[in-house]
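Below is a briefing on selected contacts, cores, strand pairing and ring geometry. The sequence and structure come first.

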Amino acid sequence: MNIIIVRNNYGDSALIDKTVTPRYDFLPETAQLRNERPLFLPDFANPASASLYLAVRICRLGRSISERFAHRYYDAATVIPHFSVPLAPNGQSADSELPFAATQGFDNALPTGRYLPIDRDQLAACSFSLSVDGQEQLNGLGSALRFDADHLIAHLSNYHTVRNGDLLLLGAPAAELLIHPERRVETHLNGECVLSFKTK
């Protein structure tokens, strides 16, 4: 299983990235936290910075996929908070000695809940949000993505085979949020709760 995270692909955050092609990274599979288990924040990310990603699940094996047919390669969506080491005021990681995989892909940095069936049109029209202790803190719209899921899948498949079960994080609003221990975090897709867990 691959976890692919697309950078600077939402609204104003896209202005940060002047390239004309999507920029993305891979996260280790161990970054995924399933079954709504508590998230124990590591010492180096306590509190942790949380970004809110709209994501789709890949449902077919493919390579060099035409954008025209890319919608056939995902069948469901979810909303995922991505936890990372907070940035210092200079824009660098608070611990600049740590590699990317440690600051962005440490164990359980990516709590993942339920997937909801979705098609191309529904994805473009969707809304998503994150709440902490019952109060909404972050929100976004599928229509604000710079590159949509079809374009991203077509682009990625030129270089990497996409496989059933892969997770593609499409984009996140630029705003980030510090999350402390003993918080209840929930994410919603079109008003429906898809993830609920406690931080420790």
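His188 touches Val79, Ser127, Phe128, Ser129, Ser131, Cys193 and Val194, leaving aside residues up to four places away in sequence; contact means heavy atoms within 4.5 Å. This is a predicted model, in which local features need pLDDT of at least 70 and side-chain atom pairs count only at pLDDT 80 or more, while totals for chains, interfaces and linings use all residues. Residues are numbered from 1 along each chain as its sequence is written, and side-chain values use heavy atoms, with hydrogens and water left out.

**Strand β12**
- His188 lies in strand β12, residues 184–189; strands (E, at least two residues) are DSSP runs numbered from the N terminus.
- His188 counts as buried because its relative accessibility is 17%, where buried means under 20% relative accessible area with a 1.4 Å probe, protein chains only.
- Thr187 is also found in β12, and Thr187 is buried at a relative accessible area of 0%.
- The contacts of Thr187, not counting residues up to four places away in sequence, include Leu52, Val79, Pro81, Ser129 and Leu195.

**Nonpolar cores**
- The largest nonpolar core has 47 residues; such a core is a set of buried Ala, Val, Leu, Ile, Met, Phe, Trp, Tyr and Cys residues joined through side-chain atoms within 4.5 Å.
- Strand β4 (residues 48–58) gives the most to this core, with 6 residues.
- Leu54, Phe83 and Leu189 are among the residues with the most contacts inside the largest core.
- Leu54 touches residues including Leu123, Phe128, Leu168, Leu170 and Leu189, not counting residues up to four places away in sequence.
- A second, separate core of 11 residues includes Ala31, Ala55, Ile80 and Leu169.

- Strands β8 (residues 127–132) and β9 (residues 135–141) pair in the antiparallel sense over 6 bridges; pairing requires at least two DSSP bridges.
- Phe128 stands opposite Gly140 in β9.
- The two strands form a hairpin with 2 residues between them, and Asp133 in the turn has a positive phi of about 50°.

**Aromatic pairs**
- The structure holds 4 aromatic pairs, defined by ring centres within 6.5 Å, with planes over 60 degrees apart counted as edge-to-face.
- Tyr10 and Phe128 form an edge-to-face pair, at 6.3 Å centre to centre and 80° between the planes.
- Tyr10 lies in the loop between β1 and β2 and Phe128 in strand β8, so the pair ties together parts 118 residues apart in sequence.
- Phe128 counts as buried at 3% relative accessibility.
- Phe83 and Phe197 are edge-to-face, because their ring centres are 6.1 Å apart and their planes at 75°.
- Phe83 in strand β5 and Phe197 in strand β13 are 114 residues apart, and both are buried.

Terms used:
Helix = DSSP H or I, 4+ residues; strand = E, 2+ residues; numbered from the N terminus. Buried < 20%, exposed > 50% of the residue type's maximum accessible area, 1.4 Å probe, protein only. Phe/Tyr/Trp six-rings, centres within 6.5 Å; stacked < 30°, edge-to-face > 60°.
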